[in-house]
Amino acid sequence: MSFFNRLFGGAEKQEPQVEKRTLLNLRVGDFVAYDLVDYEITGKIHYNDSGYTWDAYQLASASKTLWLSVEMDDELEVGIYEKSRVPGIEPGTKKIMYEERPYFLEEQGRAYVQGEGRSRNVNGTEMDYYEYVDESGESFLSVEVWGGEVEVSHGYEIEEFEVTILAGS
């Protein structure tokens, strides 16, 4: 840098680094397109169950809200979930009926969560989760217990290529 630039404030301007977005590093404020609908990521929950981690992104469009679940197991697993009403559900039972189909308990645990955006109200809390799968192995129920509140979401796996990412920040 020359003497005059230092004297008159001509400091080199740093361009902000743009990080290429993937399903593993989405941020609140980004946009995604899925099934011909554009969604804004309005919330994110990062789950940690004794070192095993996964993320859920709250997707909001003009007409509905979905959750995009992303986890790296042996390979990338991606799912779309929508909140559902299942009256009288007892989390942890071996079998749950939903829309006249049985779902069977596949896994359960307790996770510490960090929330961002609209999900920041759960930041620093712990929750219990129960994952159920139907007989076909293609439809899932996610049951989460937040204190005394039970939330149920119905979902299915999708392929990574079905989601188009548009970085918002």
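The largest nonpolar core of this predicted model comprises 15 residues, among which Leu59 and Leu68 touch the most other members. A nonpolar core is here a set of buried Ala, Val, Leu, Ile, Met, Phe, Trp, Tyr and Cys residues joined through side-chain atoms within 4.5 Å; buried denotes under 20% relative accessible area, exposed over 50%, and partly exposed the range in between, with a 1.4 Å probe and protein chains only. At least two residues of this core are supplied by each of E1, E2, E3, E4 and E5, and E4 provides the largest share, three residues. Strands (E, at least two residues) and helices (H or I, at least four) are DSSP runs numbered from the N terminus. Beyond its neighbours within four places in sequence, leucine 68 is in contact with Leu23, Leu26, Asp55, Ala56, Tyr57, Leu59, Val78, Gly79, Ile80, Ile158 and Val163, contact meaning heavy atoms within 4.5 Å. Another core, of 14 residues, lies apart from the largest one and includes Ile45, Ala56, Val113 and Phe140.

The model is a prediction in which local features need pLDDT of at least 70 and side-chain atom pairs count only at pLDDT 80 or more, whereas totals for chains, interfaces and linings use all residues. Residues are numbered from 1 along each chain as its sequence is written, and side-chain values use heavy atoms, with hydrogens and water left out.

The protein chain contains one helix and eleven strands, arranged from the N terminus as α-β-β-β-β-β-β-β-β-β-β-β. Of its 169 residues, 40% count as buried. Among contacts between residues at least 6 apart in sequence, 46% join residues at least 24 apart.

Strand E1 (residues 31–34) pairs with two other strands. Pairing requires at least two bridges found by DSSP between the strands. E1 and E2 run antiparallel and are joined by four bridges, with alanine 33 opposite aspartate 38 in E2. The two strands form a hairpin with two residues between them, and aspartate 35 in the turn has a positive phi of about 55 degrees. Four bridges also link E1 to strand E11 (residues 163–166), again in an antiparallel arrangement; leucine 166 in E11 is the bridge partner of phenylalanine 31. Valine 32, located in E1, has a relative accessible area of 1% and is therefore buried. Leaving aside neighbours within four places in sequence, valine 32 is in contact with Leu26, Val37, Asp38, Tyr39, Ile41, Leu59, Val163, Thr164 and Ile165. Valine 32 and alanine 60 are separated by 28 residues in sequence and by 9.7 Å in space, C-alpha to C-alpha.

Strand E9 is mostly covered, with seven of its seven residues buried. Phe140, Ser142, Glu144 and Trp146 on one side, and Leu141, Val143 and Val145 on the other, are all buried, leaving both faces covered. E9 is joined to E8 by six bridges in an antiparallel arrangement, and aspartate 128 stands opposite valine 145. The hairpin of E8 and E9 has five residues between the strands, with glycine 137 in the turn adopting a positive phi of about 80 degrees. E9 and E10 likewise run antiparallel, joined by seven bridges, and serine 153 in E10 is the bridge partner of serine 142. Two residues lie between the strands in the E9 and E10 hairpin, where glycine 147 takes a positive phi near 65 degrees.

The largest pocket has a volume of about 790 Å³. Its lining consists of 34 residues, of which Trp54, Ser69, Tyr81, Glu131 and Ser142 lie nearest the pocket centre. On a 1 Å grid over the protein atoms alone, a pocket is an open set of points where a 1.4 Å probe fits, with protein on both sides within 12 Å along at least five of seven lines; lining residues have an atom within 4 Å of a point. Grid points are joined across faces, edges and corners, and the volume is the space filled by probe spheres set on the points. E5 gives the largest share of the lining, five residues. By class, the lining has 15 nonpolar, eight polar and eleven charged residues, where Ala, Val, Leu, Ile, Met, Phe, Trp, Tyr, Cys and Pro count as nonpolar, Asp, Glu, Lys and Arg as charged, and the others, Gly among them, as polar. Serine 69, placed in strand E4, counts as buried because its relative accessibility is 15%.
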